[in-house]
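This report concerns the structure shown below.

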Amino acid sequence: MDQAPAACFEQKRDPGDLEVFQGETRTIIQPASLKDPKLEELKEVLVGWINSALKREHIVVQSLEEDLYDGLVLHHLLAQLSGVRLAVEDIAVTGEAQLHKLQLVMEALNQNLGLPDQTAHKWSVKLIHDKDLLATLHLLVAIVRRFQPDLALPLGVSVEVVLLEVSKAGIKSEKQVEHVTEPSDSADGSSATPKNGDPIEQLMKLDCHKINTVTQAILHFVNMNVSTLGLQVTDVEKQFADGVILLLLLGQLEGYFIPLCEYYLTPTSKSEMLHNVTLALDLLNDQGLQIPNIDPQDIVSEDLTATLKVLYVLFKKHKSQ
C-alpha cells in the first residue's frame, strides 16, 4: 500500500474513482513513522525470526511487505508452527490464484490464533495482498505471541497513522497513534529485559533457533558498522576472540582512533589476544558500559555467552543512533 499523506492519496484519485471506495476506511502510516528506529528494529527481528523458522525450507525473506503478500511464506509459517498444511499450490502466479490461496491461509491462521474478532480486524486478505505494512506487522506480532511467546519483540512500537474515510462528500482524514507492540514500562521506552538476571544469560537458556535469531540481529548491527573497514563478521565466537575486530568496532561506534601501538593488530599468541580483549573491556568501562560477570579470558576462549554480552551492550547503546 502506498504510504503517503492524505493529500497525496487524494491526488491519485479522480472524483469518479471515489465511488469505488465509498464506505471504506484506509489506514496509512505517516512517512516520519516509517523511519522510526523502533519500527526498523521490529521489522529486523521479525524478518530474522521468519528466516530462522523457515531455514530448512530454503525460504529467505528480505521485505515483510514484498515477500508475504502472496501467501507462500504465511502458508509455510502456518505449517511449521501449527502443523497445518493446506491443499493449495505452493506458488500462485496470477493475482486471482494468490488471493484464493491467501484467503485459505488467512482463514486457517485466524482460526489457530483464536483471537477476538476486533483484533483480527487489524488485518485482512485484501490488506495483506495489497502489501499493507501495518496490517502485516499486526498479523506477524499476533503469530509470534501465539506460537513463539519467548521471542523478544521490541516493546513500545507505535506509529502515527492517517485514517481516511471515503464518502460521497469526499475524503475525511483523522490522525491517530496506533500501537504495534505493547508499551514498555521503562522510562526511555526501550525493550524490556528480564527482571531477574542478565538478558543474554536468560537468552542462552532458550532453544537454539531463538539464540540464533538474536545473534543474527547483533551480527547485522556489527557488520553495518565494520563494513566500511572492509570487514565482515560471520562467526561471533572465533572472530572476536583476538580482540582486534572488537577494538575496531569500538572505535567506529564511539568515534575515536585507537593507536596501533596500543594493541596487537595481528596477535600471534593467547597473551597478545588477552591484551587486546582486556583493553577493549577497559575502554568499555571508561565509557560507563560495565559488563558484570565477564572475564577477558572468556572471550579469548571463544565463549559465546561472554562475547554476546559485550556485543549486546554496544548494540543496546548504539542501535537507535
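**Surface patch**

Phe257 lies in the loop that connects helix H13 (244-254) with helix H14 (270-286); helices are DSSP runs of H or I with at least four residues, numbered from the N terminus. Because its relative accessibility is 65%, Phe257 counts as exposed (buried is under 20% relative accessible area, exposed over 50%, partly exposed in between; 1.4 Å probe, protein chains only). Together with Leu260 and Leu265, Phe257 forms a nonpolar surface patch of about 350 Å² accessible area. Such a patch joins nonpolar side chains (Val, Leu, Ile, Met, Phe, Trp, Tyr) within 5 Å, from residues with over 30% relative accessible area and no salt bridge; areas follow the Shrake-Rupley method with a 1.4 Å probe.

**Basis of the model**

The model is predicted: local features need pLDDT of at least 70, side-chain atom pairs count only at pLDDT 80 or more, and totals for chains, interfaces and linings use all residues. Residues are numbered from 1 along each chain as its sequence is written, and side-chain values use heavy atoms, without hydrogens and water.

**Salt bridges**

The structure holds seven salt bridges (a side-chain nitrogen of Lys or Arg within 4 Å of a carboxyl oxygen of Asp or Glu). One of them pairs Lys126 with Asp130 at 2.8 Å, N to O. Lys126 is partly exposed at 45% relative accessibility, and Asp130 is partly exposed at 33%.

Glu40 and Lys43 also meet in a salt bridge, at 3.8 Å, N to O. About one helical turn separates Glu40 and Lys43, because they are three residues apart in helix H3 (residues 37-53). Glu40 is partly exposed at 32% relative accessibility, whereas Lys43 is buried at 19%.

Technical notes:
Patches are made of residues with over 30% relative accessible area and no salt bridge: like charges are joined within 9 Å, nonpolar side chains (Val, Leu, Ile, Met, Phe, Trp, Tyr) within 5 Å. Helices (H or I, at least four residues) and strands (E, at least two) are DSSP runs, numbered from the N terminus.
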